[in-house]
Amino acid sequence: MNFKELAQQTESYIIERRRYYHRHPELSEAEYETTKAIIADLKEMGLEPVTYEGMCGCVADIVGGKPGKTVALRADIDALPICEETGLDFAATNGAMHACGHDSHISMLLGAAKMLCRVKDELKGTVRLIFQPAEETGFGAPAMIKAGVLDGVDAIYGSHIWGDFDAPYVSVESGNRMASAAMFDVTVEGVSAHGSAPNLGVDAIVAASAMIMSLQTYVSRNNNPLNPLVLTIGTIKGGSRWNVIANKVQFDGTVRTFSKDLLEGAPRAMKRILESTAAAYGAKVTFDFKWLTVPVINDNEELNAIARNAVVKLYGEEGLGHLDTMMGGEDFSFFMQKVPGVFGFIGSRNPEKGLIYTNHHEKYTVDEDVLKRGAAVYAQFAYDFLEK
Ligand code: NI
C-alpha cells in the first residue's frame with residue numbers, strides 16, 4: 001500500500017482543513033463547533049461518528065473488508081486561551097489559539113481517515129479514529145476511556161506536532177518520551193498582627209517562604225540525581241498590607257517525573273515537608289495534589305518497531321529524527337495505561353521559513369509541508385498493525 005503517494009494526493013485537503021480548524025479554535029471542554037465540523041468531515045467520507053454524553057469530541061470506526069484486530073489512532077482537538085500573534089491570514093481572532101498545534105492533529109487524522117477509507121476493502125480489521133477533547137486540562141483522555149472508546153482496541157498510536165523539532169522529521173523513539181504532570185495547591189494559615197509586632201502573630205509569608213525553599217531541597221537532596229524530577233512553584237499570593245503580618249498565603253505549582261514510584265512518593269514527601277515546616281513556624285497548612293497525566297513511555301517494542309518501520313517505509317531512514325525526552329505532560333499516557341500504545345512526534349520547526357516558535361507561543365505555527373507526513377504515518381501504522 002503506497003501511503004506516501006496517497007498522502008501526497010491528500011495534502012491539499014489536509015492543509016485546507018488545518019487552516020479551517022486553526023481559524024476556529026475552541027478551549028478545552030468547549031469544543032462544540034470543532035466537534036460538529038469533524039463530524040461533518042467524517043460523514044463526508046461515509047463514516048458514522050459517535051459522540052458521548054458530557055463531553056465534546058467524537059469517535060468513528062473504519063471497518064475493513066477483512067476481519068482482524070482493532071487499532072486506534074488519536075488526535076486531540078482543543079485550543080489554548082492565548083491571543084494569536086502569528087499574522088497568518090487564517091489566524092484566530094476569538095482570543096483562543098491552536099498554539100499547541102492540535103489543529104494539525106485534527107487535519108492529519110482526517111487525512112489519514114480519507115486515505116484509509118480509500119483502501120478500506122484491503123484492511124484486515126478496524127481502525128478507530130479518536131478525536132479527543134480537553135487534552136490541555138487532562139480531562140479528555142480519562143473521560144473518553146471511561147465512556148468506553150478503548151473497548152475492543154488492541155493498540156493505539158498518537159503523535160504530537162512539535163515546534164522544537166525540525167521539519168520534516170518524525171520521532172518514534174523508544175523509552176521515556178513525556179513526563180507525568182501534577183498540579184498542587186498549598187494554603188498556609190497564620191495569625192494577623194500589626195507589622196511592628198510580629199511576636200503577636202504567626203507570619204504566613206515567612207512560613208510559606210520556608211516551605212518553598214524546603215520543597216526545592218526535595219529535588220536536590222532527596223531525589224536520586226539520575227531520576228529526572230521537576231518541582232516548580234508557579235504562583236504565590238498572600239498578605240493584605242505592607243504593615244500587617246499576613247495571615248494567609250496560597251501558592252501552587254507543578255511536579256514532573258517519569259518515575260512510577262514517585263506517583264505516590266512525591267506527594268507523600270511534599271506533605272511531610274509542608275506539615276513539618278508549618279509546625280516549626282506554628283502555622284497551619286492544607287495541601288492538594290493531583291496527577292493530571294502519567295508518563296508517556298514507549299515501552300512496547302513490537303509497536304515501537306511498527307511505528308519506526310512505518311516512517312522508514314514512507315520516507316526512508318532519513319525521515320527519522322531525534323527528539324530529546326521532555327518533562328512536558330500529555331494525557332495520551334492514560335490510553336497507554338489501558339492498551340499497548342506508542343507516541344510519536346512530528347517536527348514543525350523550519351528556520352528558513354521563519355518557523356522558530358515553540359508550542360504554546362502566541363506566534364507558534366507549523367511547516368504545513370509536514371502535515372502529509374504525519375497523516376501518512378498514522379495510516380501506515382494502522383495498516384501495518386492490522387497486517388501483523
Ligand atoms: Ni498539545
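1. Arg17 sits in helix α1 (residues 3-23); helices here are DSSP runs of H or I with at least four residues, strands are E runs of at least two, and both are numbered from the N terminus. This is a predicted model, where local features need pLDDT of at least 70, side-chain atom pairs count only at pLDDT 80 or more, and totals for chains, interfaces and linings use all residues. Residues are numbered from 1 along each chain as its sequence is written, and side-chain values use heavy atoms, with hydrogens and water left out.

2. Back to Arg17: is the residue buried or exposed? Arg17 counts as buried, at 10% relative accessibility (buried is under 20% relative accessible area, exposed over 50%, partly exposed in between, with a 1.4 Å probe and protein chains only). Its side chain makes a polar contact with the side chain of Asp41, at 3.0 Å. A polar contact is a pair of N or O atoms within 3.5 Å; within protein, one must be able to donate a hydrogen and the other to accept it, and residues adjacent in sequence count only if both atoms are side-chain atoms. Setting aside neighbours within four places in sequence, Arg17 is in contact (heavy atoms within 4.5 Å) with Asp41, Ser107 and Leu110.

3. Now the metal. Cys100 (SG), His102 (NE2) and His160 (NE2) coordinate the nickel ion at 2.1 to 2.3 Å, and the donor residues are spaced C-x1-H-x57-H in sequence. The two histidines link distant parts of the chain, 58 residues apart: His102 is in helix α3 (residues 102-118) and His160 in strand β4 (residues 155-166). Both His102 and His160 are buried.

4. Cys117 is in no disulfide either, the nearest cysteine sulfur being that of Cys58 at 13 Å; Cys117 is buried, at 19% relative accessible area.

Methods:
Donors = N, O, S within 2.8 Å, 3.2 Å for Na, K, Ca; no water. Disulfide = S-S within 2.5 Å.
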